[in-house]
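Q: I want to learn how to read the pockets of a model. Where do we start?

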Amino acid sequence: MSSVTADPLASAIVKLDPASARIKRFSALTTMTLPLIGTAAAAWFLWTGTYTTTDLVLFVVMYFVHMGGITIGFHRYLSHKAFKTSPVFEGIMMITGSMGAQGPLMFWVTTHRRHHRFSDREGDPHSPNLHGWSIKARLRGLWYAHMPWMLSDETSKWSVFAPDVLRDRRLMWYSRTYPAWVLTGLLIPAVVGFAVEQTPMSLLTGLVFGGFARIFVANQAAWCVGSICHAIGSRPFDNKDRSANNWPVAAFTFGEGLQNNHHAFPGSYRHGVTWWEPDLSGWLLFGLGKAGVVWDLREPDKATIERKRAMKQAA
Ligand SMILES: [Zn+2]
Ligand SMILES: [Zn+2]
């Protein structure tokens, strides 16, 4: 593995001052634990039959909103500029992405671009492959890449990893108002649950199922992309890293689990290089493109894909 010091962008990974590191750790721990407690409550409500069909519908609908916002908005639009759209649809994507409670969009985009830059090398914020190769070390790496990486006391310089976002006043406003959108994502299912069922209990179960449990399940799936999809799966392309296509993860994350394809063609709006690979966000974007909601969708042509595939076979 090559050293991070060889990369000029390595100096853009900096240590936070103690106060900022504490704030980062506190918000990461809150993001990990509160949804877990909410999921325990949801399990209790399921066990005791204290739920309605409305709660299950709220869970599913909010899961779609959450995953769509993160994968289409934060990832393919914001981090990779895979397509263009109007300010209104951009706003919808940034708000629903923020409801995913994976951190303000500026944290997300800088972390993610750094992940691509240093993929599975020193400097990658969440690689499972930097902890050694014994079974114990690999399991420790998988766990670190899944969640504890968020507790680190370092940050990725905004001006280096996302100067485009930093210049955009509208995007920065969505980033600054992040806590309000997380709260909105919790309140919407609570209010809708109450409006439909008209009982005080439905306010609580709506919050638990459509809010906390949804955040927990969707984020566990999303974090499998950083852990499992850099360890287990197929590798049709040689990306000089451990990124892998993992179909079960891809199914739950609307295509993000096709990491090997994505690292081969990071600027593509599709993560499937064939139409049958599970890439719900890619299929949705194709439809949104036909409807004129998004445009200038970037994707590699067939010849480029085949050339890259042949490079792996020749190696
Ligand atoms: Zn990756
Ligand atoms: Zn990416």
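A: Start with residue classes. Ala, Val, Leu, Ile, Met, Phe, Trp, Tyr, Cys and Pro count as nonpolar, Asp, Glu, Lys and Arg as charged, and the others, Gly among them, as polar. Keep in mind that this model is predicted.

Q: How do the residues lining the second largest pocket divide by class?
A: Eight are nonpolar, four polar and seven charged.

Q: How much space lies in the second largest pocket?
A: About 390 Å³. Its lining has 19 residues, and Arg270, Val273, Thr274, Trp275 and Glu299 are the closest to the centre.

Q: Which elements give two or more residues to that lining?
A: Helix 13 (280–290) and helix 14 (302–314) do. The largest share comes from helix 14, with four residues.

Q: Now the largest pocket. How much space does it hold?
A: About 1000 Å³. A lining residue is one with an atom within 4 Å of a pocket point. Here 40 residues qualify. Lys24, Ser27, Gly103, Pro104 and Tyr178 lie nearest the centre of this pocket.

Q: What is the class make-up of the largest pocket's lining?
A: Count 24 nonpolar, 12 polar and four charged residues.

Q: Which elements supply at least two residues each to the lining of the largest pocket?
A: The helices are helix 1 (18–48), helix 4 (105–117), helix 8 (169–176), helix 9 (178–197) and helix 10 (200–226). Strand 3 (154–156) also supplies at least two.

Q: Which helix gives the most to it?
A: Helix 1, with 10 residues of the lining.

Conventions:
Residues are numbered from 1 along each chain as its sequence is written. Chains are lettered from A and ligands numbered from 1 in the order in which they are written. This is a predicted model: local features need pLDDT of at least 70, side-chain atom pairs count only at pLDDT 80 or more; totals for chains, interfaces and linings use all residues. Side-chain values use heavy atoms; hydrogens and water are left out. On a 1 Å grid over the protein atoms alone, a cavity is a set of points where a 1.4 Å probe fits but cannot get out, and a pocket is an open set with protein on both sides within 12 Å along at least five of seven lines; lining residues have an atom within 4 Å of a point. Grid points are joined across faces, edges and corners, and a volume is the space filled by probe spheres set on the points.
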